[in-house]
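Here are my notes on the packing in this model. Please read them alongside the coordinates.

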Amino acid sequence: MTITDEDCLPETLGFNEQFEAAAASRPARGQAPSAATLALLRRNRLCGDTPPVRLQHGQNRVVEGAVKVRVFVPDHVDGVYLHIHGGGWAFGSADGQDERLWRLAEQARLAVVSVDYRLAPEHPFPAGPDDCEAAARWLVKHAAAEFGTDRLLIGGESAGAHLSVVTLLRLRERHGITGAFRAAHLLFGPYDLSMTPSQRRFGPRQLLSNTDTLRGGYELFTPGMGEEQRRSPEVSPLFADLAELPPARIVVGTEDPLLDDSLFLAARWQAAGAPVQLGVVAGAMHGFTLFPLTITERELRRERDFLASA
């Protein structure tokens, strides 16, 4: 394991301290949030107090299966990136990161298709995975006609990273589709919803996610399931057969309760036969790419380079 960005530790840890200090004034993201809290968190950008910026470059579409997507198409397209947003399966939206996705589209020469999957608790498992699977199948069938290329990539952040792996597994298991997606980019995802040791040990620190908020998110996404049921490979891809999956880049911070998830998934992914790049960012908390940090700019540049060359 190689830890990156240690030269940025003073800035990164200082930001973490400021974030924790301000945590008391932010809406709680624990189990069963009130309707008002849920509406606020969905209206505003994740961890922010204002709505996200929506760019005219983004086009809202509905594809097969009545799945909503947001599409960004630059002047030059060398591939298509199926993006799946984060937010604990209950927050976030396809139009919540327009600036970042448009910059990625232009710089990596990718058409970006972001899935506006249905959210828990109104639509618990398997609604979100169903929508991502449908969007992926639509791209497999129609990317060449729609975007002029069949070079497909997939990835996302947090819950979106989890859904990306679930989608690849569903394509293989349900439809016999392997090799259609050339690479996966997975940022700080939860891959064991029965909770890895790092999730259980993290405790109450208010660094965007902690032991309690993760447990609450799993309750919202998979209501009525116990730990053993959440170990099902359909729910927790860490327990799945990872054969025939594409090369991956897996990224996590050292101050993320999901650290073990990425370390364990990277080891299993590589053992299954696919190349893996594992990035562990010194001092980074969960969701660090949401914030204006040096490590964020570096990570977004690494993400762009990986997706452009995959």
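1. Trp89, Phe125, Tyr218 and Phe221 are linked into a cluster by ring pairs. Rings of Phe, Tyr and Trp (its six-membered ring) pair if their centres lie within 6.5 Å; planes under 30 degrees apart are stacked, over 60 edge-to-face, the rest tilted. The whole structure holds eight aromatic pairs.

2. This is a predicted model: local features need pLDDT of at least 70, side-chain atom pairs pLDDT 80 or more, while totals for chains, interfaces and linings use all residues. Residues are numbered from 1 along each chain as its sequence is written, and side-chain values use heavy atoms, without hydrogens and water.

3. Phe15 and Phe291 form a tilted pair, because their ring centres are 5.0 Å apart and their planes at 45°. Phe15 lies in helix 1 and Phe291 in the loop between strand 9 and helix 10, so the pair ties together parts 276 residues apart in sequence. Helices (H or I, at least four residues) and strands (E, at least two) are DSSP runs, numbered from the N terminus. Phe15 counts as buried at 18% relative accessibility, and Phe291 at 10%. Buried means under 20% relative accessible area, exposed over 50%, partly exposed in between (1.4 Å probe, protein chains only).

4. Trp138 and Phe147 pair edge-to-face, 6.4 Å centre to centre with 90° between the planes. Both are buried. Beyond neighbours within four places in sequence, Phe147 contacts residues including Val71, Ala111 and Leu139 (heavy atoms within 4.5 Å).

5. In helix 10, Ile295, Thr296, Glu299, Leu300, Glu303, Phe306 and Leu307 are buried. They share one side of helix 10, because their arc around the axis is only 130° (directions from the helix axis to the C-beta atoms).
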